[in-house]
Amino acid sequence: MISRRQFNKQSIALVAGLAAGHLLSPMLHAEMSRGNNGMIYRALGRTGEHVSIIGLGGWHIGQLSLSEHESIQLIRQAIDRGITFMDNCWDYNEGVSQVRMGKALKDGYRQKVFLMDKIDGRTKAEAARQIDSCLQRLQTDRIDLMQFHEVIRLEDPDRIFAEGGGIRSHGGSSESRQNPLYGFHWPQGSVCSFAYA
């Protein structure tokens, strides 16, 4: 016979397991395909977007040890080889990473990628300023996934979602811009992405 305490523990574990399975299901069962270039692509959650399983991060492309020409060449070679997921942040190397990626995405390369960027702005005004800066540096009119970077304080989500919070920026100060997907980025690497319209 099972005790009430054991029953409760097992029931909670079962419910938690089922919930986790449901939440992870899109990732575990996402359709994957292989391109002519050998790259593997998969669905990005429930967004309807398909991206390469390997992405190119922006931190290193703005480092002083890499010339602008080398950075642009690296980004374009990655895209030419099938990498379609690009990651950057408004404060990587004081904006140099975004400027270099923006130059690399000229000449039709922007249309080949899913562009993710990150901001730190917790208020509507600061988030809009940072998004406008991102768009200008990246030389694009849209960012496909915008994340709130380094959500490290317990009050950060409350500040972001508050009246006048960063989520209210709706993709920058210009009304004509498309709303990107939004998400949180924790330093431990886990990401929570969501659509906000």
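Ile131 is buried, because its relative accessible area is 2% and buried means under 20% relative accessible area, with exposed over 50% and partly exposed in between, for a 1.4 Å probe and protein chains only. This residue lies in helix H4, where helices (H or I, at least four residues) and strands (E, at least two) are DSSP runs numbered from the N terminus. Between the C-alpha atoms of Ile131 and Asp117 there are 8.9 Å, although 14 residues separate the two along the chain.

The model is predicted, so that local features need pLDDT of at least 70 and side-chain atom pairs count only at pLDDT 80 or more, while totals for chains, interfaces and linings use all residues. Residues are numbered from 1 along each chain as its sequence is written, and side-chain values use heavy atoms, with hydrogens and water left out.

**Overall architecture**

The protein has five helices and nine strands. Along the sequence the pattern reads α-β-β-β-β-α-β-α-β-α-β-α-β-β. Of the 197 residues in the protein, 39% are buried. Among the contacts with a separation of 6 or more, 66% are accounted for by residues 24 or more positions apart; contact means heavy atoms within 4.5 Å.

**Helix H3 and its partners**

The buried residues of H3 are Ser97, Gln98, Arg100, Met101, Gly102 and Ala104. Their cover includes S4, H2, S5, S6 and helix H4 (124–138). Two of these elements, H2 and H4, are helices that meet H3 as set out below.

Two packed helices are described by the angle between their axes and the distance between the axes. Here axes are lines fitted to C-alpha atoms, for helices over the stretch in contact, and angles run from 0 to 180 degrees between N-to-C directions.

| Helix pair | Angle | Axis distance |
|---|---|---|
| H2 (residues 68–80) and H3 (residues 96–104) | about 55° | 9 Å |
| H3 and H4 | roughly 45° | within 7 Å |

H2 and H3 are therefore oblique to each other, given that angles under 35 degrees count as roughly parallel, over 145 as roughly antiparallel, 65 to 115 as roughly perpendicular and the rest as oblique. On the H2 side, Glu68, Ser71, Ile72, Ile75 and Arg76 meet Arg100, Met101, Lys103 and Ala104 of H3. By class, this contact of H2 with H3 comprises four nonpolar, one polar and four charged residues. In this scheme Ala, Val, Leu, Ile, Met, Phe, Trp, Tyr, Cys and Pro count as nonpolar, Asp, Glu, Lys and Arg as charged, and the others, Gly among them, as polar.

H3 and H4 are likewise oblique to each other. Gln98, Val99, Met101 and Gly102 in H3 meet Ser133, Cys134, Arg137 and Leu138 in H4. The residues of that contact divide into four nonpolar, three polar and one charged.

**Aromatic pairs**

Rings of Phe, Tyr and Trp (its six-membered ring) pair if their centres lie within 6.5 Å; planes under 30 degrees apart count as stacked, over 60 as edge-to-face and the rest as tilted. By this rule there are two aromatic pairs. Trp59 and Tyr92 form an edge-to-face pair, with 5.5 Å centre to centre and 85° between the planes. Trp59 sits in the loop between strand S4 (55–57) and H2, and Tyr92 in the loop between strand S5 (85–87) and H3, so the pair links distant parts of the chain, 33 residues apart. Trp59 counts as partly exposed at 46% relative accessibility, while Tyr92 counts as buried at 13%.

The rings of Phe85 and Phe114 are stacked, because their centres are 5.9 Å apart and their planes stand at 10°. Phe85 belongs to strand S5 and Phe114 to strand S6 (residues 114–119), 29 residues apart. Both Phe85 and Phe114 are buried.

**Loop residues**

Arg110 lies in the loop between H3 and S6 and is buried, with a relative accessible area of 6%. Leaving aside neighbours within four places in sequence, Arg110 is in contact with Leu105, Leu115, Thr140, Arg142, Ile143 and Asp144.

Most residues other than glycine have a negative phi. Glu94, not a glycine, has a positive phi of about 55°; Glu94 is found in the loop between S5 and H3 and is exposed, at 76% relative accessible area. Gln139 also has a positive phi of about 55° without being a glycine. Gln139 lies in the loop between H4 and strand S7 (145–148) and is partly exposed, with a relative accessible area of 40%.
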